[in-house]
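Hi,

Here is the structure I promised to pass on. Have a look at it first, and then read my notes below.

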Amino acid sequence: MNKIVLLFALISYLRVTAQNGIAIIPMPAKMVMPEIPGTFNITKNTTIVLAGSGLEKSAAFLNDYLQHLFGFTLKTSEKETGKNSIVLNYSLVINYDEKNDHLPGAYTLESGENGIRITGDNETGAFYGIQTLIQLLPAEKKITLAIPWISINDKPRFSYRGMHLDVGRNFMPVSTIKKYIDYLAMHKFNNFHWHLTEDQGWRIEIKKYPLLTQVGSCREQTLVGRKGKGNEVYDGKKNCGFYTQEQIKKIVKYAADRYINIIPEIEMPGHARAAIAAYPELSCTPSEPKKVAQTWGVFEDVFCPSEITFTFLENVLDEVMALFPSNYIHIGGDECPKEAWKRSAFCQQLIKEKDLRDEHGLQSYFIQRIEKYINSKGRKIIGWDEILEGGLAPNATVMSWRGEDGGIEAAKQNHDVIMTPTSNCYFDYSQTKTEDSVTIGGYLPLEKVYHYEPIPAKLSTAESKHVLGAQGNVWTEYMNNPRKLEYMIFPRMSALSEVLWSPKDKRNWQDFERRLPALKKRYDFWGAGYSNAH
């Protein structure tokens, strides 16, 4: 009987939201429309009231959005100015039915004849309330912005809601990075995983090692299309780019103002060819010619686990940690071929000295040594699921990408896990069965992203608490401009935001499809590219 009541309630809810044109993504936990509909009109005379400290960033984000898309901003005040106002506040207590599993970032939004009131459980909650308000705004230029009367009570499902971006293969300018961060903020993501080093390019200035950017940030040319069998074509154009430390500081602040944590990734021990091209002594074969990779794939020339390498990496990490306040530092750990280590007399002797099982044990030794150093600085490491090979570092968090097995194994070992399997979370995969542009391959339609459940059924209730959330990954082998990047992430990123934010029982594919036209209209209003495939 209860299921029938819930079903009728859902049908009624969908009808009401459809009639009122409400298309909020991610779907709020609770949303109630009044029996008698109405609107509150935001005009140039509306005031943003900051009824608490620390709310300036939320007001600034709203005003930036209004200025950019509607051509006006609202004045702010610390005192309530009457009915024509948007009141921002926060309270340590927000009333929920589910009180025992409360994550930071909850908010309520009340819109009625007396104005709009947004109350967060903290500053972040108020900011997320602003993102929902933005989705209630029209997706077309108007002087008066009609907001429907509505009551929303909302909170996040997962603590980690992430998006990744690889700038090692194809460098993206600062303006694109900032726009990407804005997209994350508007979808209530809270972590930006910034993949900064690769075989094809080193993208972060390290003052102690200037050759990393002088040499490692440039490749002589780039493969055109997919890798063939000896008949590859290259563009013949030098490809360079890196971020200065001053640029990174500004980007970190830009993200923090949007309540987004940036997790930097410095790849090791594999995917290190750009660094080795700059400093050949980091390789097990330093006398051989070294170049920044011009094609895609996995390369055998990896960091040699020598004292020279560990000193280099510790110095690099010191500068990285000084730039990024993130509690997490991502150290990669994926796709590290062992052939160079097998051929190296030094590595074989090190395996014997350290009483390691084999080259997999050597990788575990490498990761655990780096983890110990990062832990000594008060930080934690995240690594791709290959860091399980040879034994997991004591305090590591695992990013499970080769399916969910690595995440399941890590959770059973009481390690925290972030799910990001290729099957559901790789946005470099094609969105259509027949490719409409060159991609890495694979096929990941929108519906499959939407139906992803980050908590595997194989985990017990206690083990499942180690699943912090999930992340969408964007590898850029075939994304060399911002428009292609947007085309590949939208609307799949929007679908993932609902997976990570909304209550599991509120997710409904048919309703998401209903909201898609309004979502795409908003993309058009933003000037963003997107795919129509689903």
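Is E453 buried or exposed? It's buried, with a relative accessible area of 18%, which falls under the 20% cut-off. Before going further, keep in mind that this is a predicted model.

**Salt bridges**

Searching the whole structure turns up 25 salt bridges. Another one of them brings together the side chains of K521 and E140, at 4.0 Å from N to O. K521 is in helix 18 (residues 509-526) while E140 is in the loop between helix 3 (123-136) and strand 8 (145-148), so this pair ties together parts that are 381 residues apart in sequence.

R169 is buried at a relative accessible area of 5%, and D166 is buried at 0%.

**Strands**

Now for strand 7 (residues 115-120), which is mostly covered, five of its six residues being buried. Strand 7 pairs with strand 6 (residues 107-112) in the antiparallel sense, over six bridges. A hairpin of two residues joins strand 6 to strand 7, and G112 stands opposite G115. Strand 7 also pairs with strand 5 (residues 85-90), this time in the parallel sense and over five bridges. There, I118 of strand 7 is the bridge partner of L88.

**Two single residues**

T309 belongs to helix 8 (residues 307-323) and is buried, with a relative accessible area of 0%. Leaving aside residues up to four places away in sequence, T309 touches L282, F303, C304 and F366.

M33 is in the loop between strand 1 (30-32) and strand 2 (39-42). M33 is buried as well, with a relative accessible area of 16%. From M33 to L103 the separation is 70 residues in sequence and 25 Å in space, C-alpha to C-alpha.

Happy to talk it over whenever you like.

Cheers

Definitions and conventions
Residues are numbered from 1 along each chain as its sequence is written. This is a predicted model: local features need pLDDT of at least 70, side-chain atom pairs count only at pLDDT 80 or more; totals for chains, interfaces and linings use all residues. Side-chain values use heavy atoms; hydrogens and water are left out. Helices (H or I, at least four residues) and strands (E, at least two) are DSSP runs, numbered from the N terminus. Buried means under 20% relative accessible area, exposed over 50%, partly exposed in between (1.4 Å probe, protein chains only). Contact means heavy atoms within 4.5 Å. Two strands pair if DSSP finds at least two bridges between them.
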